[in-house]
Amino acid sequence: MERQTKYNPDPAYLRDLLAQAGITSSLAARILQYQGLELNRRAMRHYLSGRSRFPYAVQVAMEDLAENPPRKEDYPWSNGSGNGGA
């Protein structure tokens, strides 16, 4: 069944999703890029600060990460500690 999520543009909601996923904003941006979304770390910082409104697609992708936290083997460039890897 597909999730029926309402758009919540509040930056606090995005920060909560990051905390639930147990990852940094830098790692989240990298994962979302890997998944095909067009964003970078600066855009993620702007979303989190409220400087820019994040797209619904980012919200849905972050909700998925919060429900299914990334594992090291899912993203080979991640060191698995949530600090962005390299």
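Predicted model: local features only at pLDDT ≥ 70, side-chain atom pairs only at ≥ 80, totals over all residues.

Reader: OK, how many residues are in the largest nonpolar core?

Author: That core has 22 residues, and Leu14, Ile23, Leu32, Met44, Tyr47 and Met62 have the most contacts inside it. A nonpolar core here is a set of buried Ala, Val, Leu, Ile, Met, Phe, Trp, Tyr and Cys residues joined through side-chain atoms within 4.5 Å. Buried means under 20% relative accessible area, exposed over 50%, partly exposed in between (1.4 Å probe, protein chains only).

Reader: And which elements give two or more residues to this core?

Author: Helix 1, helix 2 (25-34), helix 3 and helix 4. Helices are DSSP runs of H or I with at least four residues, numbered from the N terminus.

Reader: Switching to packing: at what angle do helix 2 and helix 4 cross?

Author: Roughly 110 degrees, with the axes coming within 11 Å. Axes are lines fitted to C-alpha atoms, for helices over the stretch in contact, and angles run from 0 to 180 degrees between N-to-C directions. The pair is therefore roughly perpendicular, a label for 65 to 115 degrees.

Reader: Who meets whom between helix 2 and helix 4?

Author: Ala28, Ile31 and Leu32 from helix 2 meet Val58, Ala61, Met62 and Leu65 from helix 4. By class, that contact has seven nonpolar, no polar and no charged residues. Contact means heavy atoms within 4.5 Å.

Reader: Now Met44, buried or exposed?

Author: Met44 is in helix 3 and counts as buried because its relative accessible area is 0%.

Reader: What does Met44 touch?

Author: Not counting residues up to four places away in sequence, Met44 touches Leu14, Ser25, Ala28, Ala29, Leu32, Leu39 and Met62. Ser25 is 19 residues from Met44 in sequence, yet the C-alpha to C-alpha distance is 6.5 Å.

Reader: Last one: where is Gln59 found?

Author: In helix 4 (residues 56-67), and Gln59 counts as buried because its relative accessibility is 0%. A polar atom of the Gln59 side chain lies 2.7 Å from the backbone nitrogen of Asn8.

Definitions and conventions. Residues numbered from 1 in each chain as written. Heavy atoms only, no water. Polar contact = N/O pair within 3.5 Å; in protein donor to acceptor, adjacent residues only side chain to side chain. Parallel < 35°, antiparallel > 145°, perpendicular 65-115°, else oblique. Nonpolar A, V, L, I, M, F, W, Y, C, P; charged D, E, K, R; others polar.
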